[in-house]
Amino acid sequence: MRISFLPLFLLALPLLEIAGFVIVGREVGALATVGLVLASSIAGVLLLRHQGFGVMARVRAEMAGGGDPSRQLAHGAMIVVAAILLIIPGFITDIIGLLLFLPPVRDLAWRRLKGRIVVATDFTGSFRGRSRDKVIDLDDGDYSREDDFKRGPDHNSPWRRLKDD
């Protein structure tokens, strides 16, 4: 029987954070403690913005290259979790959040978790972009709805040729 310590940790976390506030407040003072908490919240927002854009650019590049973007998407999710942990007041959550912003820590977490994550989707295509081989460029006068009703289908239409290929 496996016992998970995560629920116990989540129940003990508020008490540990309060103890952290007391210890830090005693060492640096109450005003400096409040300043540290506010600074960590601002840092969380700024780091999320900065690193989030970078991860999204890497996801787009991975998809454009036809690769699997799952690692980059997992990094993006961990960055969001790290930012939330920095925004939540407390020093223990700040330490965990700062560690999650480090790419080696995210890589370690991805290696440990990727075997447990299952992606269920009905997506059957590849990650490559749309095929641009069969593009038909029409001018304004090449197609109008009134022409179709008056004379019937045009057998020389580029749309007909596309189906015959």
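**Reading helix packing in this model**

Tutor: Start with one pair. Helix 1 (residues 6–28) packs against helix 2 at an angle of about 125°, and their axes are 7 Å apart. Keep in mind that this is a predicted model.

Student: Why are an angle and a distance quoted together for packed helices?

Tutor: Two packed helices are described by the angle between their axes and by the distance between those axes.

Student: Then which word describes how helix 1 and helix 2 lie to each other?

Tutor: Angles of 65 to 115 degrees count as roughly perpendicular and those over 145 as roughly antiparallel. The angle here is about 125°, so helix 1 and helix 2 are oblique to each other. Their crossing is right-handed.

Student: Which residues make that contact?

Tutor: Helix 1 brings Phe21, Val24, Gly25 and Val28. Helix 2 answers with Ala30, Ala32, Thr33, Leu36 and Val37. By class, the contact of helix 1 with helix 2 has seven nonpolar, two polar and no charged residues.

Student: Next pair. At roughly what angle do helix 1 and helix 4 cross?

Tutor: At roughly 105°, with axes that come within 7 Å. The two helices are therefore roughly perpendicular to each other. On the helix 1 side, look at Phe9, Leu13, Leu16, Glu17, Gly20, Phe21 and Val24. On the helix 4 side, look at Phe91, Ile92, Thr93 and Ile96. This contact of helix 1 with helix 4 has eight nonpolar, two polar and one charged residues.

Student: Is Phe91 buried or exposed?

Tutor: Residues under 20% relative accessible area count as buried. Phe91, at 15%, is therefore buried. Phe91 is in helix 4. Set aside its neighbours within four places in sequence, and Phe91 contacts Glu17, Gly20, Phe21, Val24, Thr33, Leu36 and Val37.

Student: How far apart are Phe91 and Ser40, in sequence and in space?

Tutor: They are 51 residues apart in sequence, but 8.8 Å apart in space, C-alpha to C-alpha.

Student: And Phe9? Where is it found?

Tutor: Phe9 is in helix 1. Its relative accessible area is 33%, so Phe9 is partly exposed. Not counting residues up to four places away in sequence, Phe9 touches Leu16, Ile92 and Ile96.

Student: What is the angle between helix 3 and helix 4?

Tutor: The axes cross at roughly 155° and come within 8 Å. Angles over 145 degrees count as roughly antiparallel, so that is the word for helix 3 and helix 4. Helix 3 passes helix 4 in a left-handed crossing. Met78, Val81, Ala82, Leu85 and Leu86 of helix 3 meet Thr93, Asp94, Ile96, Gly97, Leu98 and Leu100 of helix 4. The tally is eight nonpolar, two polar and one charged residues.

Student: What do nonpolar side chains tend to do in soluble globular proteins?

Tutor: In such proteins they tend to be buried together. Now the case in this structure. The largest nonpolar core has twelve residues. They are Val55, Val59, Ala74, Met78, Ile79, Ala82, Ala83, Leu85, Leu86, Leu100, Phe101 and Trp110. Helix 2 (30–64) and helix 3 (70–87) are the elements that give two or more residues to this core. Helix 3 supplies the largest share, seven residues.

Student: Gln51 is in helix 2. Which residues is Gln51 in contact with?

Tutor: Leave out its neighbours within four places in sequence. Gln51 then contacts Ile79, Phe101 and Arg106. Gln51 and His75 lie 24 residues apart in sequence and 9.8 Å apart in space, C-alpha to C-alpha.

Student: Now zoom out. How many helices and strands does the protein chain have?

Tutor: Seven helices and zero strands. Read along the sequence, the pattern is α-α-α-α-α-α-α.

Student: What share of the protein chain counts as buried?

Tutor: Of its 165 residues, 21% count as buried.

Student: And what share of the contacts comes from residues 24 or more positions apart?

Tutor: Take the contacts with a separation of 6 or more. Residues 24 or more positions apart account for 61% of them.

Terms used
Residues numbered from 1 in each chain as written. Predicted model: local features only at pLDDT ≥ 70, side-chain atom pairs only at ≥ 80, totals over all residues. Heavy atoms only, no water. Core = buried A, V, L, I, M, F, W, Y, C linked by side-chain atoms within 4.5 Å. Buried < 20%, exposed > 50% of the residue type's maximum accessible area, 1.4 Å probe, protein only. Helix = DSSP H or I, 4+ residues; strand = E, 2+ residues; numbered from the N terminus. Axes fitted to C-alpha atoms, helices over the stretch in contact; angles between N-to-C directions. Parallel < 35°, antiparallel > 145°, perpendicular 65-115°, else oblique. Left-handed = near helix turned anticlockwise from the far one by under 90°. Contact = heavy atoms within 4.5 Å. Nonpolar A, V, L, I, M, F, W, Y, C, P; charged D, E, K, R; others polar.
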